[in-house]
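Here is a short report on helix packing and aromatic pairing. Look at the sequence and the model first.

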Amino acid sequence: VALPPWFVEPAIAATIVLAALDNLRPIFGGRRGLVTFAFGLVHGFGFAGVLGELELPAGEFAWALLRFNLGLEFGQLLIVLAVAALLNCARRRRGYARLVIGGGSLAAIALGVAWLIERTADVSLLPF
């Protein structure tokens, strides 16, 4: 199954915005597990699309996708462990929730909206 980039890229940006909004005001309620699965699926289509552009033979594609995903998950795990340790130390400080959760969510919303506009209007707003 392959979805076109014109759909997947804006959908990824939209999932980022929606997840950040949910941090500020829960909008998914008891469906968070299902929403997380759906968002992960959208992001997976994005990763698979990038690998698909490499035009690997079918037999190598599955192996490349597995290695890519394992590497990605391992890298994310290392980042989460490091950031979680730092945030655990910081969470006892005044203003933590407002600054880290609120500020981080607002930053994610701003970047996600900019990315969504870039992907749907074919303009460049972000320097990276």
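## Helices α1 and α2

α1 and α2 are roughly antiparallel to each other, because their angle falls in the class over 145 degrees. In this predicted model, the axes of α1 (residues 5-24) and α2 (residues 32-52) cross at roughly 150° and come within 9 Å. The crossing of α1 past α2 is left-handed, meaning that the near helix is turned anticlockwise from the far one by less than a right angle.

On the α1 side, the contact (heavy atoms within 4.5 Å) includes V8, A11, I12 and T15. The α2 side includes R32, F39, V42 and H43. By class, this contact has nine nonpolar, three polar and two charged residues.

## Helices α2 and α3

α2 and α3 (residues 58-90) pack at about 130°, with axes 11 Å apart. That makes α2 oblique to α3. The crossing is right-handed.

F47, A48, L51 and G52 of α2 meet F61, A64, L65, F68 and L72 of α3.

## Aromatic pairs

The whole structure holds three aromatic pairs (ring centres within 6.5 Å). One of them joins W6 and F7 edge-to-face (planes over 60 degrees apart), at 6.3 Å centre to centre and 80° between the planes. W6 is exposed (over 50% relative accessible area), at 66%.

## Basis

Residues are numbered from 1 along each chain as its sequence is written. Local features need pLDDT of at least 70, side-chain atom pairs count only at pLDDT 80 or more, and totals for chains, interfaces and linings use all residues, while side-chain values use heavy atoms, without hydrogens and water.

Technical notes: Axes are lines fitted to C-alpha atoms, for helices over the stretch in contact, and angles run from 0 to 180 degrees between N-to-C directions. Helices (H or I, at least four residues) and strands (E, at least two) are DSSP runs, numbered from the N terminus. Angles under 35 degrees count as roughly parallel, over 145 as roughly antiparallel, 65 to 115 as roughly perpendicular and the rest as oblique. Ala, Val, Leu, Ile, Met, Phe, Trp, Tyr, Cys and Pro count as nonpolar, Asp, Glu, Lys and Arg as charged, and the others, Gly among them, as polar. Rings of Phe, Tyr and Trp (its six-membered ring) pair if their centres lie within 6.5 Å; planes under 30 degrees apart count as stacked, over 60 as edge-to-face and the rest as tilted. Buried means under 20% relative accessible area, exposed over 50%, partly exposed in between (1.4 Å probe, protein chains only).
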